[in-house]
Amino acid sequence: MSPSSESDKPIIEFKGVSKTYPSGTHALEDVNIRIKRGEFAFVVGSSGAGKSTFMKLIMREEKANTGTIIVNGFDLTKMRRRKVPMLRRTMGVVFQDFRLIPKMNVFDNVAFAMHVLGTNANGRQIRKEVSNALAKVGLGDKARSMPNELSGGEQQRVGLARALVNSPDLIIADEPTGNVDPNMSYEIVSLLTEINKRGTTVLMVTHDHSLVRDFKHRVIMLDSGRIVADNAGGDEE
Amino acid sequence: MKARSFRYLTGEGIKSAWANRLMSLASVGVLVACMVIIGLFILLYQNASRALGAVEKQNVVLAYMKDYTWALYGGEVEKAAEGGDENGILPDSYVIHNEDEALEYCKEIEKLDNVESVEYISPQDALERETQNMKDRGMYVDSILGEEYGNPYSGAAKVTMKGMDDFADTVEAIKKMDATDSVEAQSDLADSLFFIKRGLTTGAIWIFVILLIISFVVVSNTIRITMYSRKLEISIMKAVGATDAFVRIPFVIEGIFIGLLSAVISEGLLYFCYRVATETLLKKWPKVSIVSYADMALILFGIFVAIGLFAGVICSFFMIRKYLRREGSEFSAI
Ligand SMILES: Nc1ncnc2c1ncn2[C@@H]1O[C@H](COP(=O)(O)OP(=O)(O)O)[C@@H](O)[C@H]1O
Ligand SMILES: [Mg+2]
């Protein structure tokens, strides 16, 4: 999809990034990292290490105090607020708390992400994309169910389908398995791995050591706002 | 095109107005109350203006007499060298010498064809009324009506005519009479009209401002509650990359919906109230001339729609600004 020169560049690049909250907390300090297109990376670290801040910087929910952040060709440090939606359209976000709209059924929850973008898709195309996304997460038969009729794992798969429906280059998931029981967690990470194999970059924060151990992906470890371990290149480069 | 998304989000706006129907209803109720009061005031003002206009044009004139005061201040009387009083005025040089003659003069006028009634206004009456008028207008009365000059007013006949058709002829006839100095439109009436109009205008402006503020507060509050109840949707919209304009649509639509609904209800309610009121009034005084609702309907509706849209659109715009600054992850904390 992207030109070949683009695909050689990292999809995410942090250069000397620091983030200090107005409260004075130094959430990230001098972070340098490159994540290539098509990679799957876990972000791990103890509570308060700066993992969520790292993800928020990528989504441009927060701005870095110093350093440069490039995501999908956008320079986030120079980006104007008006352009932020364009950046977000290139990524799919999965929330720890699922964020499904309770009064909408599964299908409408996924379609919502398409409807609100004002894209050119017509009704038939929206139906097709939503069905595809639901099939990818194995919920093709639950389209008419309401969120409260689903298990936590199933709800998160709906969240994943919603993140996929606009065909993002990058999936951002901050503890997506935090509210899901352990075997369901495996299922979700398996799905993410599947999606990753088809070319989508995945960045996922987790606390779950067994997940990190069993799925052999890149692991970026944060501690007190600094990257203290990164096995990048272990299986690539 | 984006029309599909626009339709979708419009539907969402109407749905959320419906989901918050109690709040929406409350703000429609308050908006309607404000609009109806504003409408009633406009109708009252229109009717008052019309009534006052009718009175203004009404066939009432004051015929001032050639009495002693006229002789003294009128400047048309030669001061006699001898035989006059202390001011050098001869009794023959003016016509009305006493109240009997003044009343006689009034009776003469009353005999004219087109005259309905005549009322004698003595110099004392005129002085009191003018003094009061000046006080009402905040003038410093003592310096104008000092004791030393005495009463500067002549007596007058307040003439009410039967119809406007022969108005000019009748005025001519009065002017031709020996005892008539001049004929003028009645000024005290014009003065009170001036005050009534000014009072109504000031009152109307204040009521309008206050009601507008109330409308804004109530609609803002409704939109804020809607926004709170839609924070989940907003957070998702922002996360998937919806533009601010799209995030706004449901709220602006809800604001417009509330505003327009209020305007329609107000128009209907006001029509009903006005009809009942005017019918009752006309039963008592069939001759009263009343502004017809049809003449005002479009203007009133225009005003209501303007107020409704203004309140709805402005409120939703400003209420959501604050939320648009917030990012997705923060929404769960709101
Ligand atoms: N909005 C915020 N304002 C102030 N401090 C914050 C904010 N968000 C996070 N922090 C602080 O920044 C540090 C890193 O937080 P976070 O990135 O959420 O860590 P993690 O997700 O690894 O638990 C913590 O000390 C946290 O208290
Ligand atoms: Mg976190």
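**Ligand site and cavity**

Author: Ligand 1 is surrounded by Tyr21(A), Ser23(A), Thr25(A), Ala27(A), Ser46(A), Ser47(A), Gly48(A), Ala49(A), Gly50(A), Lys51(A), Ser52(A) and Thr53(A). Each has a heavy atom within 4 Å of the ligand. This is a predicted model: local features need pLDDT of at least 70, side-chain atom pairs need 80 or more, and totals for chains, interfaces and linings use all residues. Residues are numbered from 1 along each chain, chains are lettered from A and ligands numbered from 1 in written order, and side-chain values use heavy atoms, without hydrogens or water.

Reader: Which atoms of Gly48(A) and Ser52(A) lie 2.7 Å from an oxygen atom of ligand 1?

Author: A polar contact here is a pair of N or O atoms within 3.5 Å. For Gly48(A), a backbone N or O atom lies 2.7 Å from a ligand oxygen. For Ser52(A), a polar side-chain atom lies 2.7 Å from a ligand oxygen. The protein buries 64% of the 550 Å² that ligand 1 exposes when taken alone (Shrake-Rupley method, 1.4 Å probe).

Reader: How many cavities of 30 Å³ or more does a search of the whole structure find?

Author: A cavity is a set of points, on a 1 Å grid over the protein atoms alone, where a 1.4 Å probe fits but cannot get out. The search finds one of 30 Å³ or more. The largest cavity holds about 100 Å³ of space, the volume filled by probe spheres set on the points.

Reader: Which residues lie nearest its centre?

Author: They are Met91(A), Gly92(A), Val93(A), Ala163(A) and Val240(B), out of 13 lining residues (an atom within 4 Å of a point).

How values were computed: A polar contact is a pair of N or O atoms within 3.5 Å; within protein, one must be able to donate a hydrogen and the other to accept it, and residues adjacent in sequence count only if both atoms are side-chain atoms. On a 1 Å grid over the protein atoms alone, a cavity is a set of points where a 1.4 Å probe fits but cannot get out, and a pocket is an open set with protein on both sides within 12 Å along at least five of seven lines; lining residues have an atom within 4 Å of a point.
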